Amino acid sequence: MIAIYPGSFDPITLGHVDIIERGCKLFDRVIVTIVRNPSKVPLFTVEERIEQIRRSTQHLPNVEVDSFEGLTVNYAKIRQAKVLLRGLRVLTDFEMELQMAHTNKTLLGEIETVFLATSNAYSFLSSSVVKEIAKFGGSVDHLVPKHVALDIYQCYASRNQLVSNPTAPDAQLRTKHLSTQPPSETTAEPQE
């Protein structure tokens, strides 16, 4: 049976990876699908997110990564998937996800939604939380796969938004990334 795990994955977190790994034990194939939402401005391009997910799930032989724009149920029908896989962190997630599951069922009667409770270690974790921490110079090494953390640090460094925090455990790593950027990207412009 094929399951689709849709989301923005901007960026993929260790919580997402946990749901994917557990889903792979339940289904023959899990298609991790980036839902392209033109109304949102993502941190990473669709192509960058696809590569991040592929690298994060390369140890799982029954995972495929894709993207689409439109209704998830239409994509599921095209891919012949019978299940939508969703992770639940808190009660408010359940209310929203249950409403979406009922809506999807009215659009495509044969689709089922399977909810997996997020592991306790990741119950607070979201892509938005990761971006907020990184934006202000905090460490995200324990929240996302290592290669994704490097991408995040580099992205914020190149946008001149990463604030150096010498007390953070990964300060040396962030400093290394800052020092590899051309001076014009790491040095603030003089104010007039």
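## Close-up views of a predicted model

**View 1. Tyrosine 156 in helix α6.** Tyrosine 156 is buried, with 6% relative accessible area. This residue belongs to helix α6. The model is predicted. From the C-alpha of tyrosine 156 to that of leucine 43 is 9.2 Å. Along the chain, 113 residues separate tyrosine 156 and leucine 43.

**View 2. Alanine 157, the next residue of α6.** Alanine 157 is also placed in helix α6. Its relative accessibility is 2%, so alanine 157 counts as buried. The cut-off for buried is under 20%. A C-alpha distance of 9.9 Å separates alanine 157 from alanine 134. These two alanines are 23 residues apart along the chain.

**View 3. Helix α6 from end to end.** Helix α6 covers residues 146-158, 13 residues in total. From first C-alpha to last, α6 reaches 18 Å. That is close to the 18 Å expected at 1.5 Å a residue. The buried residues of α6 are His147, Val148, Ala149, Ile152, Tyr153, Cys155, Tyr156 and Ala157. An α-helix has 3.6 residues a turn, so residues three or four places apart point the same way.

**View 4. The whole protein, for orientation.** The protein has 8 helices and 5 strands. From the N terminus, the order of elements is β-α-β-α-β-α-β-α-β-α-α-α-α. The protein has 192 residues, and 46% of them count as buried.

View 5. Strand β1 spans residues 2-7 and is mostly covered, with 6 of its 6 residues buried. Which residues point which way from β1? Ile2, Ile4 and Pro6 point one way. Ala3, Tyr5 and Gly7 point the other way. Both sets are buried.

**View 6. The strand partners of β1.** Strand β2, residues 29-35, runs parallel to β1 and is joined to β1 by 6 bridges. Across this pairing, tyrosine 5 stands opposite valine 32 of β2. Strand β4, residues 83-88, also pairs with β1 in the parallel sense, over 2 bridges. Here alanine 3 has valine 83 of β4 as its bridge partner.

**View 7. From β2 on to β3.** Strands β2 and β3 (residues 63-68) pair in the parallel sense through 6 bridges. The chain gets from β2 to β3 through α2, in a right-handed β-α-β crossover. A right-handed β-α-β unit is also made by β1, helix α1 (residues 14-26) and β2.

**View 8. The loop between β1 and α1.** Phenylalanine 9 sits in the loop between β1 and α1. Its phi is near 50 degrees, a positive value in a residue other than glycine. Is phenylalanine 9 buried or exposed? At 3% relative accessibility, phenylalanine 9 counts as buried. Proline 11 lies in the loop between β1 and α1. The peptide bond joining aspartate 10 and proline 11 is cis, with omega about 5 degrees.

**View 9. Glutamine 80 in the loop between α3 and β4.** Glutamine 80 is located in the loop between α3 and β4. It is not a glycine, yet its phi is positive, about 60 degrees. Glutamine 80 is exposed because its relative accessible area is 61%, and the cut-off for exposed is over 50%.

**View 10. The largest pocket.** The largest pocket has a volume of about 1300 Å³. Its lining holds 44 residues. Which of these lie nearest the centre of the pocket? They are Pro6, Gly7, Ser8, Lys40 and Arg86. The elements that give two or more residues to this lining are β1, α1, α2 (46-56), α3 (72-79), β4, α4 (91-107) and α5 (127-135). The largest share comes from α4, with 8 residues. By class, the lining has 18 nonpolar, 16 polar and 10 charged residues.

Note on methods
Residues are numbered from 1 along each chain as its sequence is written. This is a predicted model: local features need pLDDT of at least 70, side-chain atom pairs count only at pLDDT 80 or more; totals for chains, interfaces and linings use all residues. Side-chain values use heavy atoms; hydrogens and water are left out. Helices (H or I, at least four residues) and strands (E, at least two) are DSSP runs, numbered from the N terminus. The expected span of a helix is 1.5 Å times one less than its number of residues. Buried means under 20% relative accessible area, exposed over 50%, partly exposed in between (1.4 Å probe, protein chains only). Two strands pair if DSSP finds at least two bridges between them. A crossover is right-handed if, with the strands pointing away from the viewer, the path from the first strand over the helix to the second runs clockwise. On a 1 Å grid over the protein atoms alone, a cavity is a set of points where a 1.4 Å probe fits but cannot get out, and a pocket is an open set with protein on both sides within 12 Å along at least five of seven lines; lining residues have an atom within 4 Å of a point. Grid points are joined across faces, edges and corners, and a volume is the space filled by probe spheres set on the points. Ala, Val, Leu, Ile, Met, Phe, Trp, Tyr, Cys and Pro count as nonpolar, Asp, Glu, Lys and Arg as charged, and the others, Gly among them, as polar.
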